[in-house]
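Work through these exercises with the sequence and the model side by side. Try each task before you read its solution.

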Amino acid sequence: MSTIEATKPQKEVSPLLKLVLELGPLMVFFFANSRGEWLAGHFPTLSELGGPIFIATGLFMAATAIALVVSWMLTRTLPMMPLISGIVVFVFGALTLWLQNDTFIKMKPTIVNTLFGTILLGGLLFGKSLLGYVFHSAFKLDEDGWRKLTVRWGIFFLVLAVLNEVIWRSFSTDFWVAFKVWGTMPITILFTLAQMPLIMKHSLDQDSAK
């Protein structure tokens with residue numbers, strides 16, 4: 001936790017606005033890829049980026065930057081996971097546009113999810129349940145609860161990484177983009193909901209209430 005975060009209370013963002021900031025860039029990516037030719041026709045400058053996937057990549061980078069700036073303006077902090085994901089978007093997006101090779105942007109979810117999964121599971125080897133630092137403001141769990149939840153999320157991120165590799169290597173670009181938006185998010189939501197029994201069982205609030 002940074003000094004700024006430790007000394008200044010973090011401002012809360014409404015769940016709806018938080019969802020918009022997280023899903024907004026993905027929706028821009030999906031729309032730009034599906035309507036790439038239309039965008040190029042109405043905004044000739046975008047056609048210089050290349051085909052639809054490259055236009056989508058450029059706008060995805062811009063939307064991600066805007067989401068991070070808005071998040072900072074509202075809370076004066078940048079959550080670690082969106083920040084890391086944003087950095088990877090900028091690096092791999094830039095490589096995609098520069099080399100005109102969409103492999104880089106397709107590998108972005110693989111890199112991000114592998115990184116998150118490795119960090120979470122690796123932290124457990126050193127006795128650190130790093131997930132607790134991410135969700136400490138959302139709920140309080142006992143040590144065993146954080147450890148189990150960290151294991152589950154670490155494995156889940158690695159599964160998402162493998163799934164992304166299978167999808168982009170086996171299907172069309174349009175299918176990959178659609179799955180990235182309409183497949184990965186529902187899977188993540190369902191997985192999150194499936195963790196509620198574990199969270200309730202190991203909640204410190206619940207224990208104190210008893």
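**Exercise 1: Around helix α7**

Just after α7, Gly-127 takes a positive phi of about 75°. The model is predicted: local features need pLDDT of at least 70, side-chain atom pairs count only at pLDDT 80 or more, and totals for chains, interfaces and linings use all residues. Residues are numbered from 1 along each chain as its sequence is written, and side-chain values use heavy atoms, with hydrogens and water left out.

Task: Describe the length, the bend and the buried residues of α7.

Solution. 
- Step 1. Locate the helix. α7 covers residues 103–125, which makes 23 residues. Helices are DSSP runs (H or I, at least four residues), numbered from the N terminus.
- Step 2. Check the span. The expected span is 1.5 Å times one less than the number of residues. From first C-alpha to last, α7 reaches 33 Å, close to the expected 33 Å.
- Step 3. Look for a bend. α7 bends by about 25° at Pro-109. The bend is the angle between axes fitted to the seven residues ending there and the seven starting there.
- Step 4. List the cover. Buried residues of α7 include Ile-105, Pro-109, Val-112, Phe-116 and Leu-120. Buried means under 20% relative accessible area, exposed over 50%, partly exposed in between (1.4 Å probe, protein chains only).

**Exercise 2: Helix α5 and what follows**

Task: How far apart should the ends of α5 be? Then describe Arg-76.

Solution. 
- Step 1. α5 has 24 residues, so at 1.5 Å a residue it should span 34 Å. Its end C-alpha atoms are 34 Å apart, which agrees.
- Step 2. Arg-76 follows α5. Arg-76 sits in the loop between α5 and α6 (80–99).
- Step 3. Its phi is near 60°, a positive value in a residue other than glycine.
- Step 4. Arg-76 counts as partly exposed because its relative accessibility is 44%.

**Exercise 3: The nonpolar cores**

Task: Which residues touch the most other members of the largest nonpolar core?

Solution. 
- Step 1. A nonpolar core is a set of buried Ala, Val, Leu, Ile, Met, Phe, Trp, Tyr and Cys residues joined through side-chain atoms within 4.5 Å.
- Step 2. The largest core has 20 residues; Phe-29, Leu-39, Ile-53, Ile-55, Phe-60, Trp-176 and Val-177 touch the most other members.
- Step 3. Two or more residues each come from α2 (15–34), α3 (36–42), α5 (52–75), α9 (143–170) and α10 (173–182). α5 gives the most, with 6 residues.
- Step 4. Take Phe-60. Not counting residues up to four places away in sequence, Phe-60 touches Pro-25, Leu-26, Val-28, Phe-29, Val-89, Ile-105 and Lys-180. Contact means heavy atoms within 4.5 Å.
- Step 5. A second, separate core has 17 residues, including Trp-153, Leu-160, Phe-191 and Ile-199.

**Exercise 4: The whole chain**

Task: How many helices and strands does the chain have?

Solution. 
- Step 1. The chain has 13 helices and 0 strands. A strand would be a DSSP run of E, at least two residues.
- Step 2. Of its 210 residues, 36% count as buried.
- Step 3. Among contacts between residues at least 6 apart in sequence, 69% join residues at least 24 apart.
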